Amino acid sequence: MRLFIVLLLALLAFPASAQNVPAPTLAAKSWLLMDHATGQVLAAQEPDARIEPASLTKLMTAYLTFAALKNGTITLDQVVPVSNKAWRSEGSRMFIEPNRPVTVGELTSGMIIQSGNDACVALAELLAGSEEAFAHMMNAEAQRLGMKNTHFTNSTGLPDPQLYTTARDLGLLAAAIVRDFPEYYRYYSQKEYTYNKITQPNRNRLLWLDTTVDGLKTGHTSSAGYCLISSAQRGPRRLISVVLGTDSDTIRAQESLKLLNYGFQFHDTVKLYSAAQELSRFQVWKGQADDVAVGFLGDFVMSLPKGQSEKIEAALVSQQPVIAPIRKGQPIGTLRLTLDGKPLGEHAVVALQDVPVAGFFGRLWDTLLLWIKSL
């Protein structure tokens, strides 16, 4: 029989009279708003609809470039040869030339700030030998990040029938860039970049409209429409918005800002439990201790509508039977959260200490007791 322990949360950070405000209506084909700290989707419309990513594809090209920089495979001052394919790239460019030296750092700036397709191809060829091989790397990394409905065929986002993704997958990718590469994320907030005596502005209008916005990427083709992935930090909170398929550059900026403002105004990130806080104790069989404390190794936070935290109910469910040996951090139960009777999610709780296995007679006695309980 499972053990249910109902925990009523009494968090008084917000007034009980506040209401859950519905998300705004956006003039976009699909969109999503995510809390970066928790990974929660706060609001969305058609988040799993397949879309053409256009230059949002460059987020994965950047992710792999950052990974190579971080592990030392390449360096920012490394000189990169420019192939004819890179030089002749269609669409937006940073204007690299075959006979002009260019570094990884310059290509990274050109890829992110100027959205240069030529920079992407040059980096892809550096990292994988060819853009085709690089696409395989992109797809492998997408799977590792949990982007289940994404397929890449090139490094730039130029239209291809087999190049597709979703708002949800793009949110995962954007969050991974912020989380995994804080030392390189600064590129996304730079408003302009000059290469080859040509200065081009960052296409993300929100960098000028809202000082809390520090990224991330625009995209546009005639078939994809105008797209924008934005990230903003206000105080300790960071939100990521994905707005896809609007009708103009102006609209994608306006709708993205509308979505970010909604998230910051009507939601907050609440710490429900502290790191190593004991939520309960579960009975242990065949161990040197009769029970074990359970909880979370780190602070457990959630993004919630303001004023709604008092209404949360939690059910702690133990795996049965819990049998030694048990290691600290081992999942041995589930915390089920609901708000107004609606599920908020299930989260694994872990053992907060080790429980070594008991001696021979202790194990024998508990084996007998478990057999009797099973009758």
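A residue is called buried when its relative accessible area is under 20%, exposed when over 50%, and partly exposed in between, with a 1.4 Å probe and protein chains only. By that rule, buried residues make up 51% of the 375 residues in the protein. This is a predicted model, in which local features need pLDDT of at least 70 and side-chain atom pairs count only at pLDDT 80 or more, while totals for chains, interfaces and linings use all residues. Residues are numbered from 1 along each chain as its sequence is written, and side-chain values use heavy atoms, with hydrogens and water left out.

The protein has nine helices and 17 strands, taken as DSSP runs (helices H or I, at least four residues; strands E, at least two) and numbered from the N terminus. Among contacts, meaning heavy atoms within 4.5 Å, those with a separation of 6 or more come to 66% from residues 24 or more positions apart.

| Property of the protein | Value |
|---|---|
| Box of C-alpha atoms along the principal axes | roughly 80 × 50 × 35 Å |
| Buried share of residues | 51% of 375 residues |

Asparagine 117 lies in helix H4, which covers residues 117–128, and it counts as buried because its relative accessibility is 3%. Beyond its neighbours within four places in sequence, asparagine 117 is in contact with residues including Lys58, Ser89, Glu90, Arg93 and Thr156.

For residues 267–357, an unreviewed UniProt entry lists "domain: Peptidase S11 D-Ala-D-Ala carboxypeptidase A C-terminal"; such positions follow the numbering used here, feature names are shortened, and annotations may be inferred rather than shown by experiment. This span is 0% helix and 53% strand, and its end C-alpha atoms lie 45 Å apart.
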